[in-house]
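The sequence and structure come next.

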Amino acid sequence: MQGIQTYIQNIRWQDVVDIMIVALILYKLMILIKETRAEQLIKGIIALLIFNFVTKKLELYTIGWILSNTMFYGMLSLLIVFQPELRRGLEYIGRSNFLSKPIVEIKGEQINRITNEMTAAISSLARQKIGALIVIEKNTGLNEIIESGTDLNADISSELLINIFIPNTPLHDGAVVIRGDKIKAAACFLPLTDNITLSKELGTRHRAAIGISERSDAIAIIVSEETGGVSIAETGQITRYVDDETLKLILKGVFSREDTGLLSLWRSKDEKSESKS
């Protein structure tokens, strides 16, 4: 007991700060790898560490030697196998508020105009069950995605957005990328997500939207051509069947650079309704 008291008395404020920083890093890491391949990997590494510790205590030298060498060379190969997850982690750090700033800022009445135009276009496409995929660039630049499509650099209007996605037109197949108050490009190719836990109901358009949201801080809006339902992908998660009013509020928050938290609330509401049914 006295030893514990002595230990507590010797703790410096630097030690407290050190522990808090490590705890924060571990917490962020857990959030980052949740429901990814890396989550299963971490569980496997922990199991190997425990097994390695037990073999040393029991003096099982041969098994211990095999485990030690396996883990040493395995760590090197993991850097290659899990390169996408490592890249995602570095991008997450780079998107931190103190390290990044908006590429394009929109102010005043522009936000209301753009929000109204986009909501009108998406609502019209949904009513007609015309498939669409719209990506809104935020802090992470999407030049690679933009270069894969057709450059437009046009003002945002509901008429143009609707015409782009009309079936059998030159630009309907692919994604529209919006930067600031401009439709930067159309018919863009997006990376598909590797998430194997997604519902089988989600098609290529939805998987592409989730894929770009995993690799950047962009927000992707999807209109299903089968159901006419509107979905939104952000940070690797998808929120389905968003109504017009919520869509408009979310868009206003995106263009004004304010986190409204509406997507999280809507996702929670949707999950609760699904669990009840």
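Leaving aside neighbours within four places in sequence, Asp244 is in contact (heavy atoms within 4.5 Å) with Thr119 and Ser123. The model is predicted: local features need pLDDT of at least 70, side-chain atom pairs count only at pLDDT 80 or more, and totals for chains, interfaces and linings use all residues. Residues are numbered from 1 along each chain as its sequence is written, and side-chain values use heavy atoms, with hydrogens and water left out.

Asp244 belongs to helix H10, residues 244-255. Helices here are DSSP runs of H or I with at least four residues, strands are runs of E with at least two, and both are numbered from the N terminus. With a relative accessible area of 40%, Asp244 is partly exposed; buried means under 20%, exposed over 50%, and partly exposed in between, using a 1.4 Å probe and protein chains only. The C-alpha atoms of Asp244 and Ile122 are separated by 8.6 Å, although these residues are 122 residues apart along the chain.

Two packed helices are described by the angle between their axes and the distance between the axes. Axes are lines fitted to C-alpha atoms, for helices over the stretch in contact, and angles run from 0 to 180 degrees between N-to-C directions.

| Helix pair | Angle | Axis distance |
|---|---|---|
| H6 (residues 109-127) and H10 | about 140° | 9 Å |
| H6 and H8 (residues 158-165) | about 35° | 8 Å |

The angle makes H6 oblique to H10; under 35 degrees counts as roughly parallel, over 145 as roughly antiparallel, 65 to 115 as roughly perpendicular, and the rest as oblique. H6 and H10 cross in a right-handed way, meaning that the near helix is turned clockwise from the far one by less than a right angle. Residues making this contact include Thr119, Ile122 and Ser123 of H6 and Asp244, Leu247 and Lys248 of H10. By class, the contact of H6 with H10 has seven nonpolar, five polar and three charged residues. Nonpolar covers Ala, Val, Leu, Ile, Met, Phe, Trp, Tyr, Cys and Pro; charged covers Asp, Glu, Lys and Arg; the others, Gly among them, are polar.

The crossing of H6 and H8 is right-handed. Among the residues that meet there are Met118 and Leu125 in H6, and Leu161 and Phe165 in H8. This contact of H6 with H8 has seven nonpolar, two polar and two charged residues.

Asn195 sits in the loop between strand S4 (182-188) and helix H9 (204-215). Asn195 is buried, with a relative accessible area of 16%. Its side chain makes a polar contact of 2.5 Å with the side chain of Thr197. Such a contact is a pair of N or O atoms within 3.5 Å; within protein, one must be able to donate a hydrogen and the other to accept it, and residues adjacent in sequence count only if both atoms are side-chain atoms.
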